[in-house]
Amino acid sequence: MTSELLLAYVLFCFATAGTPGPNNMMLLASGANFGFRRTVLHILGISCGLGFMVLCMGFGLGSVFKAFPVLHEILRWVGAGYMLWLAWKIGTSDKVSDREAASRPMTFLQAAAFQWVNPKAWAMALGAVTTYAPEGGSWTIVPLLAGTFMLVGAPCSAAWAGFGQGLRPFLDRPAVLRTFNVTMAVLLVVSLLPMIFEHGKPPRLDARDLAIGAPPIVVTPWRG
């Protein structure tokens, strides 16, 4: 990978990981409700989960969805249902809590697993591999792409959680907190709609398109 292509990829990672989407809306809400420290595992789970998705895409997982497109449909609607449930949980939260046992932020494994039902995460991972894996590249290219995504994405995620943490002093009144959480829930649902109705169909790519040595294919990832 040339230095120019690597720089372009870093900018791609920054733009996709740093712009509003399901992950960042949830991090903002988590930082506001639980604080930054309790959201760290959520941040790490997102970063590692996305990196693992890039690895899987780079080593041919897309061919499975090409052969069995019903799997993509199942994941799409399971993901939509799960995100609607999360939006409901966020919207009905009414307490800024540091120690509430019944109210916990996402764990590392939950955040990592969530990427597999997050439509934006699929677009990000697919775009990373098909656009930035050079033609004839060695098998080391995909781990490089995954590692770069993790290194760039983690600070972006931390920034959203930190912004939520900064809002905590303004959310000490129940009415203000309820308004904030309802707003976050609505934004989470809105961030899902374009992927469901515009990019819901599985990508029509041959298995060779997702191989390490495939020619780059321009994919415009959703950044909503």
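Author: The crossing of helices H3 and H7 is right-handed; a crossing counts as right-handed if the near helix is turned clockwise from the far one by less than a right angle, and as left-handed if anticlockwise. This is a predicted model, in which local features need pLDDT of at least 70 and side-chain atom pairs count only at pLDDT 80 or more, while totals for chains, interfaces and linings use all residues. Residues are numbered from 1 along each chain as its sequence is written, and side-chain values use heavy atoms, without hydrogens and water.

The two partners are helix H3, residues 40-58, and helix H7, residues 119-132, whose axes come within 9 Å and cross at roughly 50°. H3 is therefore oblique to H7. Here the axes are lines fitted to C-alpha atoms, for helices over the stretch in contact, and angles run from 0 to 180 degrees between N-to-C directions. Angles under 35 degrees count as roughly parallel, over 145 as roughly antiparallel, 65 to 115 as roughly perpendicular, and the rest as oblique. Helices (H or I, at least four residues) and strands (E, at least two) are DSSP runs, numbered from the N terminus.

Within H3 lies Val40, which is partly exposed at a relative accessible area of 30%. The terms are as follows: buried is under 20%, exposed is over 50%, and partly exposed is in between, with a 1.4 Å probe and protein chains only. The C-alpha atom of Val40 is 9.4 Å from that of Met106, although 66 residues separate the two along the chain. Ala112 belongs to helix H6, residues 108-114, and is buried, its relative accessible area being 14%.

Thr16, in helix H1 (residues 3-18), is buried with a relative accessible area of 1%. Its C-alpha atom is 9.5 Å from that of Ala123, 107 residues away in sequence. Ala29, in helix H2 (residues 22-34), is also buried, at 3%. Between the C-alpha atoms of Ala29 and Gln165 the separation is 8.9 Å, across 136 residues of chain.

Val64, Phe68, Val70, Leu71, Ile74 and Val78 make a nonpolar patch of about 510 Å². Helix H5, residues 69-91, gives the most to this patch, with 4 residues. Val78 is found in H5 and is partly exposed, at 46%. Patches consist of residues with over 30% relative accessible area and no salt bridge, like charges being joined within 9 Å and nonpolar side chains (Val, Leu, Ile, Met, Phe, Trp, Tyr) within 5 Å. A salt bridge is a side-chain nitrogen of Lys or Arg within 4 Å of a carboxyl oxygen of Asp or Glu. The areas come from the Shrake-Rupley method with a 1.4 Å probe, and for residues only the protein chains shown count as cover.

As to the whole, the protein chain has 9 helices and 0 strands. Of its 224 residues, 49% count as buried.
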